[in-house]
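Q: Please take a close look at one part of this model. Walk me through what lies there and what surrounds that part.

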Amino acid sequence: MTDTAKTIAIIGAGIVGVSTAIWLQRDGHKVILIDRAGPAEGTSYGNGGVLASCAIVPVSTPGLIGKAPKMLFNPNEPLFLRWGYLPKLTPWLVRFLRRANASDAAQTAAAMAPIIGDSQADHLALAQGTGAEKWVVPSDYLFLYNDRAHYQGDAFTWDLRRQNGFAWDEMEADEFRAYDPAFSTDLRFAIRLKDHGRITDPGQYVKALAAHVVASGGQLIQADVEDIARENGRVTGVRAGGQTIHCDAAVVATGVWSGPLAKKLGLDVPLEAERGYHIEFWNPNFMPKSPVMVAARKFVATPMEGRLRLAGVVEFGGLEAGPSRAPIELLKRSAAAVFPGLKADEVTEWLGHRPAPADSIPVIGELPHLKGAFTGFGHHHVGLTGGPKTGRILAQLISGRQPNIDLSVYSPARYTKAGQN
């Protein structure tokens, strides 16, 4: 360790936490990973597995306010609500829907591009020498539409991607069928984006990265974090499991569970749990060539090790309620419609919680009023995609280096009393 080496406590052992730990170790710091369940036991396990660099466009786009109510009453639409949760959801929902306009959507897209736009390269750089490289597979990423007119109906989102430097190929029915015959003939138009990627087992990937942290001298503690100890405006430790773990700086990277801890640090982040589901077809009789987003049904299908994972659906209902049947049944109906003849040895189901800030922009940086307190959460649908870059930014800040991007848009300062309007 160098003379400037610090001891950093990282709360959360998902992709953001382990990425931060690895980059800090490479800078010569000592790291302590603290997680209540252990590495990759939350959203980092169950995500769609796509390194979706192009996924810079938020859900809150123009027209959402008009479409959302109809979607809620249609069982074939991928939006669900546990109605008893609506009173608690309403303050967040008002702020979220207020941004469903062209100007705010463009601002969010421009903010997300530096975090996720080079995801494949970011993951390869992170995984190098860790033993986790084998799970990072460069690939195309396809968006599938019923036809060209259906694609043109998404012009706003594709214009935003073009403005942020993305390019793609268009494939009509015959060319798409030659590229991959696995799909229903109802899907007659595809967009292919190159230089994307997929993780063939997100859970094992993050566990391997965490194991590398430990093998490199890091500490892993399984405990609930109650608070961050501070003295004279500076972090001195983390209170977890009834003890205080001393550190020079602390990083809050626990996804949607970051909200209550952030509040204790003086941040009032409008953060909601967006409940997402996946189903997996184990040992399927065929596998698509690349990960795809099926635009008509709003789910992602990703080839993984030994199984095909379908992930998607948005449900609001908080952190406490168990899984609902309707989203799972919708995913199963969608699988049957998109992959005719799909068979598998077993089909498994999962529910997880995406951390959704009302402005769809993650909270990354040092708290303005507490030296040594850092945040890295709120990545909505793209936590896996943006985890390595977020971790690298945090490591640079903790090491006293200024990243080569404007960090003001991600700053936790916007959620302090001084930073709020």
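A: This is a predicted model. Start with glycine 203, which sits in helix H10. Is glycine 203 buried or exposed? Its relative accessible area is 2%. Buried means under 20%, so glycine 203 counts as buried. Which residues does glycine 203 touch? Setting aside residues up to four places away in sequence, the contacts are Ala40, Ser44 and Tyr45. Now follow the chain to alanine 223, 20 residues apart from glycine 203. The C-alpha atoms of the two are separated by 20 Å.

Helix H10 spans residues 202-215. Helix H6 runs over residues 119-127. Its buried residues are Ser119, Gln120, Asp122, His123, Leu126 and Ala127. Seen down the axis of H6, they fall within an arc of 160°, so they line one face of the helix. After H6 comes glycine 129, with a positive phi near 80°.

Next, the largest nonpolar core. This core has 66 residues. Ile15, Phe143, Ile191 and Tyr205 touch the most other members. Take phenylalanine 143. Leaving out neighbours within four places in sequence, phenylalanine 143 is in contact with Cys54, Trp158, Arg161, Phe189, Ala190, Ile191, Leu193 and Met293. One of these contacts, Ile191, is also named among the core members that touch the most others. As a general background, nonpolar side chains tend to be buried together in soluble globular proteins.

Definitions and conventions: Residues are numbered from 1 along each chain as its sequence is written. This is a predicted model: local features need pLDDT of at least 70, side-chain atom pairs count only at pLDDT 80 or more; totals for chains, interfaces and linings use all residues. Side-chain values use heavy atoms; hydrogens and water are left out. Buried means under 20% relative accessible area, exposed over 50%, partly exposed in between (1.4 Å probe, protein chains only). Helices (H or I, at least four residues) and strands (E, at least two) are DSSP runs, numbered from the N terminus. The arc is that of the directions from the helix axis to the C-beta atoms. Contact means heavy atoms within 4.5 Å. A nonpolar core is a set of buried Ala, Val, Leu, Ile, Met, Phe, Trp, Tyr and Cys residues joined through side-chain atoms within 4.5 Å.
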